[in-house]
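Student: I have a model open and would like to go through a few of its local features. Could we take them one at a time?

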Amino acid sequence: MADSAKQVLLAMLARREHCRFELARKLQHYPFSAAEITTALDELAANNSQSDQRFTEAYIRMRYNKGYGPCYIHQQLTAYQLDDALIVPVLQDYDWFALAIAVRQKKFGNSLPNTPKEKAKQMRFLQYRGFDHEQIKQAILGIIDS
């Protein structure tokens with residue numbers, strides 16, 4: 001029956017990348033024992049069909065392209081029980097300051113906030129999107145180079 005667990009996992013992985021934690025959670029809804037699930041997951045990891053590294057890279061790229069900041073992405077990946085040693089190096093490959101500016105401009109236009117109320121509104125939005133204080137500050141001030 002381990003082969004059938006493996007087939008279910010391969011079908012899931014054919015659609016998109018998954019982390020080990022996510023696959024294990026999904027397989028709990030199937031009639032497989034914990035040993036079968038572990039064996040199938042180990043086999044897929046051993047032959048590199050499933051990789052938490054690839055999942056992390058794909059997830060960060062997807063969320064970056066949707067305008068989410070590093071704090072939000074890190075929190076989401078931590079919920080998948082991924083280690084910081086896997087997450088942090090990939091997060092450092094992106095220009096979060098430029099993204100914060102682009103996200104602010106897309107939502108609020110090119111003009112910088114004039115009133116404290118408008119400034120606070122834009123800061124809250126960027127914070128909700130997962131940008132840190134420095135990234136928000138530079139986006140609000142319109143500083144382009146970090």
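This is a predicted model: local features need pLDDT of at least 70, side-chain atom pairs count only at pLDDT 80 or more; totals for chains, interfaces and linings use all residues.

Student: What do the side chains of Lys 137 and Glu 134 form?

Tutor: They meet in a salt bridge, at 3.9 Å from N to O. The cut-off for such a pair is 4 Å.

Student: Are Lys 137 and Glu 134 buried, exposed or partly exposed?

Tutor: Lys 137 has a relative accessibility of 39% and counts as partly exposed. Glu 134, at 37%, also counts as partly exposed.

Student: How many salt bridges does the structure hold?

Tutor: The structure holds five. One of them joins the side chains of Lys 6 and Glu 43, with 3.2 Å from N to O. That pair links distant parts of the chain, since Lys 6 is in helix α1 (residues 2-15) and Glu 43 is in helix α3, 37 residues apart. Glu 43 is partly exposed, at 32% relative accessibility.

Student: And which residue does Arg 54 meet in a salt bridge?

Tutor: The partner of Arg 54 is Glu 17, at 2.9 Å from N to O. Arg 54 counts as partly exposed at 28% relative accessibility, and Glu 17 does so at 24%.

Student: Back to α9, please. At what angle do α8 and α9 pack?

Tutor: Helix α8 (residues 116-128) and helix α9 (residues 133-141) pack at about 140°, and their axes are 10 Å apart. Angles over 145 degrees would count as roughly antiparallel, and α8 and α9 are therefore oblique to each other. Their crossing is right-handed.

Student: Which residues meet there?

Tutor: From α8 come Lys 119, Gln 122, Met 123, Leu 126 and Gln 127, which meet Ile 136, Ala 139 and Ile 140 of α9. The residues of this contact comprise five nonpolar, two polar and one charged.

Student: Where does Gln 81 lie, and is it buried or exposed?

Tutor: Gln 81 is in the loop between α5 (70-79) and α6 (84-91). Gln 81 has a positive phi of about 60° without being a glycine, and it is exposed, with a relative accessible area of 58%.

How values were computed:
Residues are numbered from 1 along each chain as its sequence is written. Side-chain values use heavy atoms; hydrogens and water are left out. Axes are lines fitted to C-alpha atoms, for helices over the stretch in contact, and angles run from 0 to 180 degrees between N-to-C directions. Helices (H or I, at least four residues) and strands (E, at least two) are DSSP runs, numbered from the N terminus. Angles under 35 degrees count as roughly parallel, over 145 as roughly antiparallel, 65 to 115 as roughly perpendicular and the rest as oblique. A crossing is left-handed if the near helix is turned anticlockwise from the far one by less than a right angle, and right-handed if clockwise. Contact means heavy atoms within 4.5 Å. Ala, Val, Leu, Ile, Met, Phe, Trp, Tyr, Cys and Pro count as nonpolar, Asp, Glu, Lys and Arg as charged, and the others, Gly among them, as polar. Buried means under 20% relative accessible area, exposed over 50%, partly exposed in between (1.4 Å probe, protein chains only).
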